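Please read this briefing alongside the model.

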Amino acid sequence: MEGVLHKWTNYISGWQPRWFVLDGGTLSYYDSQEDAWKGCKGSIKISVCEIQVHSSDSTRFDLTIPGEQYFYLKAINAAERQKWLVALGTAKACLTDNRTKREKELQENTEALKTKMSELRLYCDLLLQQVNKIKENDELGETAEMGIDTGNLVKSTCTTFLKTLEECMQIANRTFSTDMASQSPPGTPPVAAIKPQKVYLSHQRSSSSVHEERVDPTLHTTQNTCEIEHYDQPAEGVEDNEGDKAEEQKEHKEDQINAVQLQEDFSDQEEGETPRDSTESEDTEQVETFFSTMSHRFSDIRLDDDNGIPTQEFLDSCYAIVPVLDKLGSTVFAPVKMDFVGNIKKIHQKLLSDNDSFPTLQSIVLHEVQTNVAKVRNSATEALLWLKRGLKFLKEFLSEVNAGEQDIQGALNNAYGKTLRQYHGWVVRGVFALALRAAPSYQSFAAALVSREGDELTSGFTSGMHRDLGVYLPAMERQLAILDSLYEEYNLESDEVV
């Protein structure tokens with residue numbers, strides 16, 4: 001559902017009309033329907049908020065998350081308020097029902113698992129009794145027929161024990177695998193298990209362990225707005241063991257493989273061949289990084305004969321690199337991301353206005369130059385100017401990382417000083433300084449750039465980054481250089497500080 005609601009801002013501005021959109025369990029609002037492309041001013045999750053109907057005002061209702069967010073809203077009339085209440089209530093009920101269903105399934109599966117574990121303990125005790133019985137019969141010299149009968153009992157009990165164990169594993173997989181999958185942060189690459197490293201023995205056996213760290217995604221609500229909100233409330237009238245065995249079997253199998261390889265190495269050495277180096281015989285599977293799995297890349301863009309940069313492909317590539325800002329810190333880099341995405345949307349809006357007339361970025365800029373709107377605020381040309389500055393910042397940062405810099409904060413600071421700092425006033429510089437202080441460690445950033453957990457710990461990660469960035473960054477740099485030449489030719493660069 002979407003439509004106009006009046007929102008309380010503060011005692012100076014009072015109630016202001018805003019365009020609200022309820023979608024996917026989140027209520028977001030914009031300055032107006034026409035300005036929706038600029039991005040939402042704020043949002044609130046319906047599943048965790050309280051919906052309160054005003055006791056005396058038939059058009060007002062409030063959405064609150066105590067201590068966090070407060071939306072004081074008014075509909076055009078009582079009937080319109082009722083429509084919003086029904087839509088909000090339905091969305092909240094659906095989300096609550098889904099959560100309740102998951103909790104119920106988890107509880108049922110847990111109880112079923114407890115029951116099966118009790119059965120396993122019973123069968124285990126029974127097996128012990130039957131094995132002891134076989135020992136006693138052997139000591140007493142019982143007949144072979146009695147031994148066969150006892151053996152059949154043991155076989156039957158083992159079969160039942162293994163069947164119950166399999167059912168336990170099925171319940172556990174169904175319960176906990178689903179729960180872990182639901183914790184994966186949205187938009188991140190698919191998570192896969194770490195493959196055991198195959199190390200061929202030379203003269204001494206070495207072993208290494210890889211520690212995995214799973215970071216639970218932090219659920220949060222965002223409200224990026226310049227309005228002064230939820231400080232001024234409108235006044236009334238105004239407003240397991242089996243796993244260990246499996247692991248041992250797995251290690252035993254690897255030992256056998258290593259022993260065979262060791263024998264081959266010594267055989268080769270006896271024949272005068274050079275034995276394999278243990279570092280060269282590791283799994284040579286290439287590590288996939290974020291830059292090799294992107295949906296759109298600057299290196300995939302095919303320029304026109306006159307170096308024309310296809311508009312849609314360029315914007316798609318810009319969208320595809322936005323997650324890098326999330327990997328640096330989704331909260332502290334939110335203002336940077338908002339500005340970056342906002343500029344992309346402005347150019348996209350220009351493209352949608354006449355798709356056939358603006359096949360390349362150059363065609364957009366030349367059109368606005370000819371119509372004397374290139375230097376007008378919020379024009380597509382201005383948006384492209386700031387977008388290429390943002391891209392230069394990311395390019396410089398990634399270049400530092402690719403060159404071996406492991407101080408993420410230092411790399412970001414150097415990139416900012418070379419690109420954006422000269423165009424920012426002291427307020428914006430303060431925002432960037434705050435974001436830079438909260439930059440992640442190199443290990444955390446590297447872990448966010450791989451498709452499979454643990455790949456960042458392998459020797460193939462560095463070579464994979466060099467491989468992918470070695471293709472990605474030069475293509476990005478070439479297209480930015482083309483845009484720089486265009487802006488210099490028409491004197492479109494600006495030293496204006498924001």
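Helices and strands here are DSSP runs, numbered from the N terminus; a helix needs at least four residues and a strand at least two. On that basis, Met1 falls in the segment before strand 1 (2-10). The model is predicted.

- Met1 has a relative accessible area of 36%, so Met1 is partly exposed. The partly exposed class lies between the 20% limit for buried and the 50% limit for exposed.
- Leaving aside residues up to four places away in sequence, Met1 touches Phe20, Val21, Leu22, Glu80, Lys83, Trp84 and Ala87.
- Met1 and Leu27 are separated by 26 residues in sequence, and their C-alpha atoms are 9.4 Å apart.

**Whole chain**
- The protein chain has twelve helices and seven strands.
- Of its 498 residues, 37% are buried.
- The accessible surface of the protein chain is about 29300 Å². Carbon and sulfur atoms account for 51% of that surface.

**Helix 6**
- Helix 6 covers residues 334-353, which is 20 residues.
- At 1.5 Å a residue, helix 6 should span 28 Å. The expected span uses one less than the number of residues.
- The buried residues of helix 6 are Ala334, Val336, Phe340, Val341, Gly342, Asn343, Ile344, Lys346, Ile347, Lys350 and Leu351.
- An α-helix has 3.6 residues a turn, so residues three or four places apart point the same way.
- The cover over the buried residues of helix 6 includes helix 4 (311-321), helix 5 (323-329) and helix 7 (361-370). Helix 8 (380-402) and helix 10 (426-437) also contribute.

**Aromatic pairs**
- How many aromatic pairs does a search of the whole structure find? The search finds eleven.
- Tyr70 and Tyr72 have ring centres 6.4 Å apart and planes at 20°, so they form a stacked pair. Planes under 30 degrees apart count as stacked.
- Tyr70 is partly exposed, because its relative accessibility is 25%. Tyr72 is buried, because its relative accessibility is 7%.
- Phe290, Phe291, Phe298, Phe314 and Tyr472 are linked into a cluster by ring pairs.

**Charges over rings**
- Lys7 lies over the face of Phe71, 5.1 Å from the ring centre.
- Arg389 has its charged end over the ring of Tyr423, 3.5 Å from the centre of that ring.

How values were computed:
Residues numbered from 1 in each chain as written. Predicted model: local features only at pLDDT ≥ 70, side-chain atom pairs only at ≥ 80, totals over all residues. Heavy atoms only, no water. Buried < 20%, exposed > 50% of the residue type's maximum accessible area, 1.4 Å probe, protein only. Contact = heavy atoms within 4.5 Å. Phe/Tyr/Trp six-rings, centres within 6.5 Å; stacked < 30°, edge-to-face > 60°. Lys NZ or Arg CZ within 6 Å of the ring centre and 35° of its normal. Areas by Shrake-Rupley, 256 points an atom, 1.4 Å probe, with all protein chains shown as cover.
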